[in-house]
Amino acid sequence: MINSVVKTDDTEVAIAAARAGADVVRAMYGRLLTRIDKGAGDFATAADVEAERMILDVIRAARPDDAVLGEEGGQQGAVDAAVRQWLVDPLCGTLNYAVGNMLVAVNVALRGGAAAVVDPFSGETFCTDGETAWLRHEGGDVRLAPTPATRLVDVNLDPPFPSAPGFRAVDLLADPEFVERFRPRVVSTTLALTWVAAGRRAAYVTDGDDLSGSVHFAAGIALCLAAGCVVTGIDGAPIGQGGHGLVAAADAETHELLMSVVRSRR
């Protein structure tokens, strides 16, 4: 347990914003919510929209000059090299939420800086100032400590699959080397990344394009990096350099083991 962690004002803004969104998600849980079609099988609910509105209210009040990219509202404010940008996913795991599954998260990240991920139902808040990462829960802060001890690896099986047919995440589940070394789990929310940072998962693997600027992944990636995880694309290149997908591992050994399996499937 640590009594004090040096935090920037931006971290507190991220925490306050994510918690405001989480309050909405928790309050609206269990209601029959109309699905707002977004195309390609994706949808939002009134909870997504209202949670984002509350998050943006907090950010605008504290940082009126910053730009925001929201999952539901899109880009707000001009973005250039001199403008700071917040990335907001008000309800990561909408399908889970819509069918009464509590595996969801609320994500707020300042590009290149602070971030917060809140589990609306456990009350846990995962935070980073961009340098260190910690869990805030029930009035205390505990530094996140990644470990591969669980051998559990979350694999995102959701489309799109830009690396197919060379690589498909689903193929890992049947790979003998993967099965020998790890135990697969499937959690398609930011909780998967926060759990890697917190030592509850050994790793997380997903396909996709460059995910470093994604509202879905930015906060989780920031937490993993600050906690000391090894984070790359599925090609092994540093995240944010135009690669594909994501491999976030608790340590270098676990990352290399996963990369060897991934390379064998390409």
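The following is a dialogue about how some descriptions of this predicted model are reached.

Trainee: What should I know before reading any value?

Mentor: This is a predicted model, in which local features need pLDDT of at least 70, side-chain atom pairs count only at pLDDT 80 or more, and totals for chains, interfaces and linings use all residues. Residues are numbered from 1 along each chain as its sequence is written, and side-chain values use heavy atoms, with hydrogens and water left out.

Trainee: How many helices and strands are there in the protein?

Mentor: The protein has eight helices and 15 strands. Helices (H or I, at least four residues) and strands (E, at least two) are DSSP runs, numbered from the N terminus.

Trainee: What makes the protein as compact as a globular protein of that length?

Mentor: The radius of gyration, taken over C-alpha atoms, is set against the globule rule, which is 2.2 Å times the number of residues to the power 0.38. For 266 residues the rule gives 18 Å, and the protein has 18 Å, so the description holds. The C-alpha trace spans about 50 × 45 × 40 Å along its principal axes.

Trainee: What share of the residues counts as buried?

Mentor: Of the 266 residues, 50% are buried. Buried means under 20% relative accessible area, exposed over 50%, and partly exposed in between, with a 1.4 Å probe and protein chains only.

Trainee: Why is the pair Lys 38 and Glu 71 called a salt bridge?

Mentor: The term requires a side-chain nitrogen of Lys or Arg within 4 Å of a carboxyl oxygen of Asp or Glu. The closest N and O atoms of Lys 38 and Glu 71 are 2.7 Å apart, so the pair meets the cut-off. The structure holds 16 salt bridges.

Trainee: Why is Lys 38 called partly exposed?

Mentor: Its relative accessibility is 34%, which falls between the two limits, so the label follows.

Trainee: Where do Arg 84 and Asp 66 meet, and what does the pair tie together?

Mentor: Their side chains meet in a salt bridge of 2.8 Å, N to O. Arg 84 lies in the loop between E4 and strand E5 (85-92), and Asp 66 in the loop between helix H2 (46-62) and E3, so the pair ties together parts that are 18 residues apart in sequence. Asp 10, Arg 63, Asp 66 and Arg 84 are linked in a network of salt bridges.

Trainee: Which label, buried or partly exposed, belongs to Asp 66, and which to Arg 84?

Mentor: Asp 66 has a relative accessible area of 16% and is buried. Arg 84, with 32%, is partly exposed.

Trainee: How do you know that Asp 171 and Arg 168 form a salt bridge?

Mentor: Their closest N and O atoms are 4.0 Å apart, and the pair is counted as a salt bridge. Asp 171 is partly exposed at 22%, and Arg 168 is partly exposed at 35%.

Trainee: What is the peptide bond from Ala 164 to Pro 165?

Mentor: That bond is cis, with omega near 5 degrees. Pro 165 sits in the loop between strand E11 (152-155) and helix H4 (169-172).

Trainee: What is phi of Arg 151?

Mentor: Phi of Arg 151 is near 65 degrees, a positive value in a residue other than glycine. Arg 151 belongs to the loop between strand E10 (140-143) and E11.
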